[in-house]
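Please look at the sequence and the structure before reading on.

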Amino acid sequence: MVSPAVNTKKMTMIEGVRNAMDEMLKENEDVIILGEDIGVNGGVFRATEGLHEKYGEERIIDTPISESGIIGNSIGLAANGFRPIAEIQFLGFIYPGFNQLMTHATRLRQRSLGRFTVPLVVRAPYGAGVRAPEIHSDSVESLFTHMPGIKVVVPSNAYDAKGLLITSIDDPDPVMFLEPLRCYRSNRTEVPDGKYTIDIGRASVLKQGDDISVFTWGAMVMDTMKAIEKLEEEQNISCEVIDLRTLYPLDKETITASVQKTGRAAIVHEAPATGGVSNDVISLINDTSFLYLRAPIQRVTGFDTPVPVYSLEQDYLPSAAKIKAAIVNAVNF
């Protein structure tokens, strides 16, 4: 749902994220932000730049280097009426806090028979392609889609980032808000002033097409769109491109309707293939649309290895050539 916009401004994704937090901090005094170097320094990627000066150290809280402490304290605050936004500097650093998420954040509503909820947002940049050292580039979104009780949101542009983050902060339950590093400053989109929301669990059809449905998310949206633009020029293949935006819950209606329209599907993500979210999309298509398929479903993914050192990083990421080859294979099957 998008409310009427008065004015818009072109923003990068990081500016869209900051703008969303500013709107919510202004609206609700229970909204606070916790994380490492987020105060005076404005965060490792400057997502909180200027917010410390505007809202003070009691709401923009610098924490020790302790992901478990950041998330654990945020859970306690959320259960007692606050709406904390926990910033983890890189998703690959979240593992010490994974126990807090798995054993407490996702279960408190059920454990307390609905007496307590955890309106917590955990923001974390993730993904390869920025020449970062080991662990900084992991794409482990499927670890969280397997955890009942937490939603998993992945924007790919500033407009979606602002609307989805506002919705996530308003949500009564925990949300993992994963921000693809390569999208932070790689493009600008028009972003409305003021508060607007985008429903969690609603995918975005970026481009209508007739021959194949291509599902992707995060930074791979940019690569997929570029690959398809060339492919359609070269081979006259009409691709429908869908940015899933929410990995849990998946937008079952949009996925199903698109595959039943085109009869073919490809899924593109940079995470390893084994256990990846693409498996859930394929299962959904098999459950709902198997008899509509005219070709096996294609996957284009990262490898089942840690993200390599930066000199090999581009070999790890799905390339335009691989995306194009998968689509051609499906269409010519």
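## Local backbone features

Proline 249 lies in the loop between strand 12 (246–248) and helix 9 (252–262), where helices (H or I, at least four residues) and strands (E, at least two) are DSSP runs, numbered from the N terminus. The peptide bond that joins tyrosine 248 to proline 249 is cis, with omega at about 0°.

The model is a predicted one, in which local features need pLDDT of at least 70 and side-chain atom pairs count only at pLDDT 80 or more, while totals for chains, interfaces and linings use all residues. Residues are numbered from 1 along each chain as its sequence is written, and side-chain values use heavy atoms, with hydrogens and water left out.

## Two domains and their contact

The domain assignment, whose bounds come from an automatic or database source, divides the protein chain into domain 1 (8–192) and domain 2 (204–332). Taken over C-alpha atoms, the centres of domain 1 and domain 2 are separated by 26 Å. Their contact (heavy atoms within 4.5 Å) takes 27 residues from domain 1 and 25 residues from domain 2. Between them the two domains bury about 2100 Å², 55% of it on carbon and sulfur atoms; buried area here is the accessible area (1.4 Å probe) that two parts lose on being put together, summed over both.

## Salt bridges

A salt bridge is a side-chain nitrogen of Lys or Arg within 4 Å of a carboxyl oxygen of Asp or Glu. By this rule, the whole structure contains 16 salt bridges, and two are found across the interface of domain 1 and domain 2. The table gives two pairs from the structure.

| Salt bridge | Closest N and O atoms |
|---|---|
| Aspartate 223 and arginine 182 | 2.7 Å |
| Lysine 195 and glutamate 27 | 3.1 Å |

Lysine 195 lies in the loop between strand 8 (189–192) and strand 9 (204–207), whereas glutamate 27 lies in helix 1 (residues 13–27), so this pair ties together parts that are 168 residues apart in sequence.

## Annotated region

For residues 11–186, an unreviewed UniProt entry lists "domain: Transketolase-like pyrimidine-binding"; such positions are given in the numbering used here, feature names are shortened, and annotations may be inferred rather than shown by experiment. Over residues 11–186 the chain is 37% helix and 16% strand, with the end C-alpha atoms 10 Å apart.
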